[in-house]
Amino acid sequence: MRLLNSVNIDSMLLRTELPSQRTQRLAAVRERKYKRLTVESEEQRQTRWANVRETRRRNRFLGKDEFISAIDVSADVSCSICKQLFYPKQRRNLQTSFQQDFLPSELVEMNKILTCSRSSANIRKLKVPSQAY
Ligand SMILES: [Zn+2]
């Protein structure tokens with residue numbers, strides 16, 4: 001709670017800060033960072049640079065082929081409940097034997113069906129999906 005209050009006060013101070021105060025504050029931040037870097041041990045320096053390299057490697061722009069393969073995803077599978085096409089990330093395997101009283105017998109016989117995430121969530125809550133077959 002005390003931390004939260006100090007954060008709120010800090011953000012309020014930043015909004016009402018004058019340009020000269022901003023320059024002074026940023027100079028103090030730079031000074032603190034410089035002091036921290038001068039007392040840094042070789043091991044700390046190595047760790048810091050390893051983190052920087054890892055972050056840069058992660059953020060590096062993908063090549064054209066990787067970009068095209070990353071966006072080359074389409075909705076190609078049909079939901080067993082609502083019959084709409086869905087993307088691979090929306091795919092859910094629904095165990096039908098647990099909803100025997102709720103689902104039609106032909107779906108219960110299949111034991112496991114492939115559904116979209118919305119239909120799966122509705123069935124688990126025993127709600128009839130708005131677009132059920
Ligand atoms: Zn569905």
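Of the 133 residues of the protein, 10% count as buried. The model is a predicted one. Its pLDDT averages 85, and 89% of the residues score at least 70. Confidence is lowest in helix α1 (residues 2-15), where the mean is 60, and highest in strand β2 (residues 85-86), at 94.

The protein contains six helices and four strands. Along the sequence they follow the pattern α-α-α-α-β-β-β-α-β-α. Among contacts with a separation of 6 or more, 48% are between residues 24 or more positions apart.

The elements discussed here are listed below.

| Element | Residues | Computed property |
|---|---|---|
| α1 | 2-15 | mean pLDDT 60 |
| α3 | 42-59 | 26 Å from first C-alpha to last |
| β2 | 85-86 | mean pLDDT 94 |
| α6 | 117-124 | buried: Ser119, Ser120 and Ile123 |

The largest nonpolar core has six residues: Cys79, Ile81, Phe86, Leu94, Cys116 and Ile123. In soluble globular proteins, nonpolar side chains tend to be buried together. Leu94, one of the core residues, touches Lys112, Ile113, Thr115, Ser120 and Ile123, leaving aside residues up to four places away in sequence.

Seen down the axis of α6, the buried residues fall within an arc of 100°, so they line one face of the helix. An α-helix has 3.6 residues a turn, so residues three or four places apart point the same way. The cover over the buried residues of α6 includes β3 (91-95) and β4 (112-116).

After α6 comes Leu126, which has a positive phi, near 60°. The segment after α6 also holds Gln131.

Helix α3 gives another case. Its 18 residues reach 26 Å from the first C-alpha to the last, close to the 26 Å expected at 1.5 Å a residue. Is α3 largely in the open or buried? The number of buried residues among its 18 is zero, so α3 lies largely in the open.

Definitions and conventions:
Residues numbered from 1 in each chain as written. Predicted model: local features only at pLDDT ≥ 70, side-chain atom pairs only at ≥ 80, totals over all residues. Core = buried A, V, L, I, M, F, W, Y, C linked by C-beta atoms within 7 Å. Buried ≥ 20, exposed ≤ 12 C-beta atoms within 10 Å, placed from the backbone. Contact = placed C-beta atoms within 7 Å. Helix = DSSP H or I, 4+ residues; strand = E, 2+ residues; numbered from the N terminus. Arc of directions from axis to C-beta. Expected span 1.5 Å × (residues − 1). pLDDT = per-residue confidence, 0-100.
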